[in-house]
Amino acid sequence: MVMLEDDIAADLDLAMMVRRDNVHGPHTPDGILTRFAGTQFERLLQQIEKDPTPISIELGLMLLTLGEDSCRTINQGLQFITRQTRADGKVHDFTVGGNEGGITFHCNVESSDDAKAKLGAYCTYRKYAERAQRWIGVSLDHESNLQFGMVLDYDWQHSDDMDAATTGMRRPMSPASLVRVIDGRRRSTVGRNDPCPCGSGKKFKKCCIDSL
């Protein structure tokens, strides 16, 4: 048996009072969210928080259940695909997930019916290939503005047609593998005097170059 002290949720209670009643204090208790302050991951959460649609609520709840390493991976992935789309105007995406479900982040310059159809088809195939109960797709523009999202949540059922459509579909990368790929491409695409991809506003050589 473990006994928890009454003050275990004191920081959370205070943060809720700040949000609801404009009480002076920290808007968010110290933790994963504060460690990502000023990042693209935090910006995504802020946009989701302002959107009351069921899809955004579902996405927000999913992101808040992730561990720090997964959040860091998603943040790096968002930095990478938005930078790539800004550079070439093309669609870029990355996927994290597994048997319990997953999420695909998709970046393009403009939202369109064609973009929704493509992301929807990809998530449908990916969900089937992973035999997952749930899959989420999120589309952002090249400035990290949330465009739209979708949630696929239904029981997996075998289909010969889907087997054929997903033959050869690669498995999603593990967080560690995704980070290695992103870092490798970042080394080859970012010049020393270019803006740092972390979003700090500093030159790459004055910021994260030594961490790669």
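**View 1. The face of helix H3 turned away from its buried side carries the exposed residues Glu49 and Lys50.** The model shown is predicted. H3 covers residues 40–50, and its buried residues are Gln40, Phe41, Leu44, Leu45 and Ile48. Viewed down the helix axis, these buried residues fall within an arc of 145°, so they line one face of H3. In an α-helix there are 3.6 residues a turn, so residues three or four places apart point the same way.

**View 2. Phe94 and Phe105 form a stacked pair of rings.** The structure holds two aromatic pairs. In the pair shown here, the ring centres are 5.1 Å apart and the planes meet at 20°, under the 30 degrees that count as stacked. Phe94 belongs to strand S1 (residues 92–98) and Phe105 to strand S2 (residues 101–107), so the pair ties together parts 11 residues apart in sequence. Phe94 is buried, with a relative accessible area of 6%. Phe105 is buried as well, at 0%.

**View 3. Arg134 lies in strand S3 (residues 134–140).** Arg134 is partly exposed: its relative accessible area is 26%. Leaving aside residues up to four places away in sequence, Arg134 touches Glu58, Met62, Gly101, Gly102, Lys127, Val151, Leu152 and Asp153. Ile103 is 31 residues from Arg134 along the chain, and their C-alpha atoms are separated by 8.8 Å.

**View 4. Lysines Lys116 and Lys127 sit over aromatic rings.** The charged end of Lys127 is over the ring of Tyr154, 3.7 Å from its centre. Lys127 is also one of the residues that Arg134 touches. Lys116 lies over the face of Phe148, 5.6 Å from the ring centre.

Notes: Residues are numbered from 1 along each chain as its sequence is written. This is a predicted model: local features need pLDDT of at least 70, side-chain atom pairs count only at pLDDT 80 or more; totals for chains, interfaces and linings use all residues. Side-chain values use heavy atoms; hydrogens and water are left out. Helices (H or I, at least four residues) and strands (E, at least two) are DSSP runs, numbered from the N terminus. Buried means under 20% relative accessible area, exposed over 50%, partly exposed in between (1.4 Å probe, protein chains only). Contact means heavy atoms within 4.5 Å. The arc is that of the directions from the helix axis to the C-beta atoms. Rings of Phe, Tyr and Trp (its six-membered ring) pair if their centres lie within 6.5 Å; planes under 30 degrees apart count as stacked, over 60 as edge-to-face and the rest as tilted. A charge sits over a ring if NZ of Lys or CZ of Arg is within 6 Å of the ring centre and within 35 degrees of the ring normal.
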